[in-house]
Amino acid sequence: MQIGMIGLGRMGANMVRRLLKYKHECVVYNRHPDKVKALAFEGAIPAFSLEELVEKLVSPKTVWLMLPAGEPTESTIAELVKLLPGASTIIDGGNSFYKDDVRRSRMLQEKEINYLDVGTSGGVWGLENGYCLMIGGTAAEAKRLEPIFAALAPEADDLPRTPRRDASKSTAERGFLYCGPAGAGHFVKMIHNGIEYGLMQSYAEGFNILFNARSPRLPEELRYELDLAEITELWRHGSVVRSWLLDLTAAALAESPMLSNFTGFVPDSGEGRWTIQAAIEEAVPAEVIAAALFTRFRSRQPHTFAEKVLSAMRQQFGGHTEEPLPG
């Protein structure tokens, strides 16, 4: 099949490479021409403007966006609406807010343009391992584009089939799934990323406890100099907490056992906030994900005024003096 790809960052470029590997034709555009030229050298069809990209696509024209959520995606879709004929399809594979998908879908329906929102997980490893795809939008259009999704999704893996599961009724085992109407794909990806926050925080806290088992504040007989790289590797084999995140943690600790090349500043890209917002709207608890998000906020600050207030209150009611920071 033929598809246009707009946005050739780390994920977008690797998605093009994976599609080319499976003999799909890719017309590519990026605001930085060097990225377009690099992929043209690898077999993609270059386009140096949105107009040229649309012109080079055959009908029905299909365009996949891998752009940052918000203004970059909004403005690009607004331009594409002016250029694409009816019966074309726009796919947003970035991390857009699902309510924006619902709005865009309604707007594009008036122009007779199809819209799919595809939550895309796989990161920088997607070229090698494939991408997990969560698809929302028009069911018929999602079905038409299955060859594209199948090429991007993981190849057959060695995971055992879930007991009592009838795999013939779903593409989930193939790494892509139509989740529902407009917004459903990004909604599922949003929750996926919220869970990711919680898992990452749990690992981080556990390793912090292991690391601080060497603390001089502990009785000598209860201090342990633990090899975290070895423990991580141990847990990868047979443990109930093994996961791809643990694999990545093991790789990081093998490279830098004290993680001295990291500062601990942890950004968030929005999905954790949106997950908590959805939990509030649904009136369901999400304590772990919320705590993980707030910990990321805390990682970006030195001691805050709030902590000074806490310390001052302890001094006022109990005469507690501040202890010097360790190290």
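Biologist: What share of the 327 residues of the protein counts as buried, and what makes a residue buried?

Modeller: The share is 39% of the 327 residues, where buried means under 20% relative accessible area, exposed means over 50%, and partly exposed covers what lies in between, with a 1.4 Å probe and protein chains only. This is a predicted model, in which local features need pLDDT of at least 70 and side-chain atom pairs count only at pLDDT 80 or more, while totals for chains, interfaces and linings use all residues. Residues are numbered from 1 along each chain as its sequence is written, and side-chain values use heavy atoms, with hydrogens and water left out.

Biologist: Why is Gly 4 called buried?

Modeller: Gly 4 has a relative accessibility of 0%, and therefore counts as buried. This glycine is part of strand β1, strands being DSSP runs of E with at least two residues and helices DSSP runs of H or I with at least four, each numbered from the N terminus. Setting aside neighbours within four places in sequence, Gly 4 has contacts with Val 27, Leu 53, Leu 57, Thr 62, Val 63 and Trp 64, a contact meaning heavy atoms within 4.5 Å.

Biologist: Why are Leu 259, Met 1 and Glu 79 called partly exposed?

Modeller: Leu 259 stands at 34% relative accessibility, and so counts as partly exposed; it belongs to the loop between α11 (244-255) and α12 (271-282), and its phi is positive, near 50°. Met 1, in the segment before β1, counts as partly exposed because its relative accessibility is 35%. Glu 79, in helix α4 (residues 71-83), is partly exposed because its relative accessible area is 34%.

Biologist: Where does Met 1 make contacts, leaving aside its neighbours within four places in sequence?

Modeller: Met 1 is in contact with His 24, Glu 25, Arg 144, Leu 145, Pro 147 and Ile 148. For Glu 25, which is 24 residues away along the chain, the C-alpha separation from Met 1 is 6.1 Å.

Biologist: What makes a set of residues a nonpolar core, and which residues have the most contacts inside the largest one?

Modeller: A nonpolar core is a set of buried Ala, Val, Leu, Ile, Met, Phe, Trp, Tyr and Cys residues joined through side-chain atoms within 4.5 Å. The largest has 29 residues, and those with the most contacts inside it are Met 5, Val 16, Val 28, Trp 64 and Phe 149. Two or more residues come from each of β1 (2-6), α1 (10-21), β2 (25-29), α2 (33-41), β6 (114-121), β7 (132-137) and α8 (146-152), and α1 gives the most, with five residues. Phe 149 touches Trp 64, Leu 116, Val 118, Leu 133, Ile 135, Ala 142 and Phe 176, not counting residues up to four places away in sequence. A second, separate core of 19 residues includes Ile 77, Leu 80, Ile 113 and Tyr 115.

Biologist: How do you know that the span of helix α14 agrees with its 14 residues?

Modeller: The expected span of a helix is 1.5 Å times one less than its number of residues. For α14 (residues 305-318) this should give 20 Å, and the end C-alpha atoms are 20 Å apart, so the two agree. Gly 319 follows α14, with a positive phi near 70°.

Biologist: What is the omega of the peptide bond that joins Ser 59 and Pro 60?

Modeller: The omega is about -5°, and the bond is cis; Pro 60 is placed in the loop between α3 (50-56) and β4 (62-65).

Biologist: How many helices and strands are there in the protein, and how many of its side chains are positive and negative?

Modeller: There are 14 helices and eight strands. The protein has 35 positive and 41 negative side chains, and the centres of the two sets lie 2 Å apart, with Lys and Arg counted as positive, Asp and Glu as negative, and His and the chain ends not counted. The place of a charge is taken as NZ of Lys, CZ of Arg, CG of Asp or CD of Glu.
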